[in-house]
Amino acid sequence: MCGRYAASRRPEDLVGLFGVEKWEPAETLAPDWNVAPTKDVHAVLERPLRNGPDAAEPRPVRQLRALKWGLVPAWAKSPEGGARMINARAETVHEKPSYRRPFASRRCILPADGYYEWVTGEGERQLEEKGKRKRPRKQPYFVTPVDGSVMAMAGLYEFWRDRTLPDDHPRAWWVTCTVITTEADKEPFGGVARDEGPRSLAEIHPRMPLVLTEDRWDSWLDPARTDPGDLLPLLAPPPSGLLRAYPVATGVSDVRNNGPELLKELEAPEEGTLF
């Protein structure tokens with residue numbers, strides 16, 4: 001799954017990397033090393049412009065937008081369920097009512113430095129096995145591209161209209177998003193192997209965000225591609241060996257903590273959280 005990630009790249013860098021044509025500086029988000037559900041996040045998407053001097057341009061324009069993480073379906077009566085819809089499974093995204101329409105024409109890329117995942121420590125599991133009801137202390141890991149590049153997570157976005165507000169109200173329309181997930185890679189991590197801890201993403205968690213390699217970006221973002229049969233091949237997991245994972249301090253577990261120190265690689269899992 002993807003329940004927390006880091007996104008610290010400057011918008012200017014994302015504009016160049018993804019070939020963005022339209023970006024509103026007013027939507028600039030500060031670097032965030034502890035992105036949690038319901039936060040605003042940067043997303044790359046393509047759609048015709050509806051406002052401004054280029055609004056008459058019918059072709060899709062690649063944009064960098066700020067969206068709220070946690071998809072609210074267009075037919076929802078309220079936005080309250082968005083926090084539970086932060087992930088969509090690649091295996092069923094084309095048929096689930098909440099995701100079927102966005103999958104057909106409202107796909108996006110959510111740029112990230114990487115994502116966090118938690119493993120329950122071996123010591124804590126042994127205490128539970130002995131009948132001690134201590135709450136498991138989980139060791140967080142940061143999963144990131146081996147080469148230090150931006151992680152392009154596949155996502156969907158949707159529009160939701162708040163009918164309690166007038167049309168000209170700035171919060172009349174919500175634009176929300178979700179991260180698509182796939183089965184975690186069972187092959188060994190890329191990069192240098194560690195002496196202890198998990199050896200693959202599947203040993204940390206059975207799911208992972210669907211990472212799009214650069215050769216799939218254009219096809220994924222193209223809103224003219226609406227045939228599920230044409231889109232499903234894009235949901236194939238990325239090649240093995242592109243990602244690595246390393247332990248980070250448990251401070252990331254508190255959403256109030258936010259800073260580049262959260263990405264500092266530990267030499268070993270913290271005491272009491274050994275894998």
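How many of the eight residues of strand 9 are buried? Seven of them are, so strand 9, residues 138-145, is largely enclosed by the rest of the structure. Buried here means under 20% relative accessible area, exposed means over 50%, and partly exposed lies in between, with a 1.4 Å probe and protein chains only. Strands are DSSP runs of E with at least two residues, helices are runs of H or I with at least four, and both are numbered from the N terminus.

Before going further, a word on the basis of this talk. This is a predicted model, in which local features need pLDDT of at least 70 and side-chain atom pairs count only at pLDDT 80 or more, while totals for chains, interfaces and linings use all residues. Residues are numbered from 1 along each chain as its sequence is written, and side-chain values use heavy atoms, with hydrogens and water left out.

Let me continue with the strands. Strand 9 pairs with strand 13, residues 243-247, in the antiparallel sense over five bridges; two strands pair if DSSP finds at least two bridges between them. Within this pairing, Leu243 of strand 13 stands opposite Pro145.

Strand 5, residues 61-69, has several partners to report. With strand 2, residues 22-23, it runs parallel, joined by two bridges, and Leu64 in strand 5 is the bridge partner of Trp23. Strand 4 pairs with strand 5 in the antiparallel sense, over eight bridges, and here Arg65 of strand 5 has Ala43 opposite. Strand 11, residues 173-183, pairs with strand 5 in the parallel sense over two bridges; Trp69 stands opposite Cys177 of strand 11.

Glu12 and Trp23 are eleven residues apart in sequence, and their C-alpha atoms are 9.2 Å apart in space. Glu12 is partly exposed, at a relative accessible area of 43%. By contrast, Leu156, in strand 10 (residues 151-161), counts as buried at 0% relative accessibility. Leu156 and Leu45 are separated by 111 residues in sequence and by 9.2 Å in space, C-alpha to C-alpha.

I turn now to the aromatic residues. A pair of aromatic rings is described by the distance of the centres and the angle of the planes. Rings of Phe, Tyr and Trp (its six-membered ring) pair if their centres lie within 6.5 Å; planes under 30 degrees apart count as stacked, over 60 as edge-to-face, and the rest as tilted. By this rule the count comes to eight aromatic pairs. One of them is the tilted pair of Phe18 and Trp217, at 4.5 Å centre to centre and 40° between the planes. Phe18 lies in helix 1 (residues 11-18) and Trp217 in helix 4 (residues 217-221), so this pair ties together parts that are 199 residues apart in sequence. Both Phe18 and Trp217 are buried.

Tyr116 and Trp118 form a tilted pair, with 6.4 Å between the centres and 45° between the planes. Tyr116 and Trp118 are both buried, and together with Phe142 and Tyr246 they form one aromatic cluster.

A charge is also placed over a ring. Arg107 lies over the face of Trp220, at 5.6 Å from the ring centre; the rule requires NZ of Lys or CZ of Arg within 6 Å of the ring centre and within 35 degrees of the ring normal.

The structure holds one cavity of 30 Å³ or more. The largest cavity has a volume of about 40 Å³, and its lining consists of Pro73, Ala74, Trp75, Pro97, Ser98, Arg101, Pro102 and Glu158. A volume is the space filled by probe spheres set on the points, which are joined across faces, edges and corners.

The second largest pocket holds about 280 Å³ of space. Its lining has 16 residues, of which Asp147, Ser149, Val150, Leu212 and Thr213 lie nearest the centre of the pocket.

Phi of Thr38 is near 80°, a positive value in a residue other than glycine. Most residues other than glycine have a negative phi. Thr38 counts as partly exposed, at 42% relative accessibility.

Notes: 1 Å grid on protein atoms, 1.4 Å probe; cavity = no way out; pocket = protein on both sides within 12 Å on 5 of 7 lines; lining within 4 Å.
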